[in-house]
Amino acid sequence: LSRESYDHASMLSIRRDAIASAATARSFGVILGTLGRQGNPRVLDHVMGLLRAASRPFVVLLLSEITPAKLALFKDVDAWIQVGCPRLSIDWGAAFSRPVLSPYEAEVLLARGAS
């Protein structure tokens with residue numbers, strides 16, 4: 001037998017910090033994952049609409065694999081929103097040098113900024 005556990009409090013704290021850090025971003029990168037069928041063009045369109053409504057500049061990037069090394073090449077991007085792997089931001093988000101938000105986290109950030 002094995003027993004697995006997850007530190008939910010720590011995960012929640014890390015994700016809140018990522019959203020707070022992205023709040024000060026001057027520019028965003030929006031990644032549409034192309035591996036398999038994970039990236040959803042409708043979600044991409046929605047995220048782009050949120051960014052436009054918030055007057056936040058952004059660039060769209062298509063990637064099959066989202067890695068810290070690849071994203072580090074984009075020096076002018078302060079925060080990322082990934083539309084691809086549903087668990088990437090939660091499980092590996094802390095490995096990136098800049099915040100990598102899920103679409104839901106982007107919605108939280110940009111809806112908060114709009115009010």
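Student: Before going on, in which loop is Ser-102 placed, and how are residues numbered and selected here?
Tutor: Residues are numbered from 1 along each chain as its sequence is written, and side-chain values use heavy atoms, with hydrogens and water left out. Because the model is predicted, local features need pLDDT of at least 70 and side-chain atom pairs count only at pLDDT 80 or more, while totals for chains, interfaces and linings use all residues. Helices (H or I, at least four residues) and strands (E, at least two) are DSSP runs numbered from the N terminus, and in those terms Ser-102 lies in the loop between strand 4 and helix 5.

Student: Which residues does Ser-102 contact, leaving aside neighbours within four places in sequence?
Tutor: Contact means heavy atoms within 4.5 Å. With neighbours within four places in sequence set aside, the partners of Ser-102 are Ile-81, Gln-82 and Ser-89.

Student: What is the order of the strands in the sheet?
Tutor: Two strands pair if DSSP finds at least two bridges between them, and strand 1 (residues 28-33) pairs with strand 2 in the parallel sense over 6 bridges. The edge strands, each pairing on one side only, are strand 2 (58-63) and strand 4 (100-101). The 4 strands form an open sheet with parallel pairing, in the order 2-1-3-4.

Student: What angle does the direction of helix 2 make with that of strand 1?
Tutor: Helix 2 (residues 41-53) packs on the sheet, where it touches strand 1, strand 2 and strand 3 (79-83). Axes are lines fitted to C-alpha atoms, for helices over the stretch in contact, and angles run from 0 to 180 degrees between N-to-C directions. On that basis the direction of helix 2 makes with that of strand 1 an angle of about 170 degrees.

Student: Why do the buried residues of helix 1 line one face, and within what arc do they fall?
Tutor: Helix 1 (residues 8-22) buries Arg-15, Ala-18, Ile-19 and Ala-22, whereas the face turned away from its buried side carries the exposed residues Ala-9, Arg-16 and Asp-17. The arc is that of the directions from the helix axis to the C-beta atoms. Seen down the axis of helix 1, the buried residues line one face because they fall within an arc of 95 degrees.

Student: How far apart are the C-alpha atoms of Leu-110 and Ala-22?
Tutor: Leu-110 lies in helix 5 (residues 103-114) and counts as buried at 5% relative accessibility. Not counting residues up to four places away in sequence, Leu-110 touches Leu-50, Leu-51, Ala-54 and Arg-56. Leu-110 and Ala-22 are 88 residues apart along the chain, and their C-alpha atoms are separated by 9.9 Å.

Student: What is the radius of gyration of the protein?
Tutor: The radius of gyration is taken over C-alpha atoms, and the globule rule is 2.2 Å times the number of residues to the power 0.38. With 115 residues, a compact globule would have a value near 13 Å, which agrees with that of the protein, 14 Å.

How values were computed: Buried means under 20% relative accessible area, exposed over 50%, partly exposed in between (1.4 Å probe, protein chains only).
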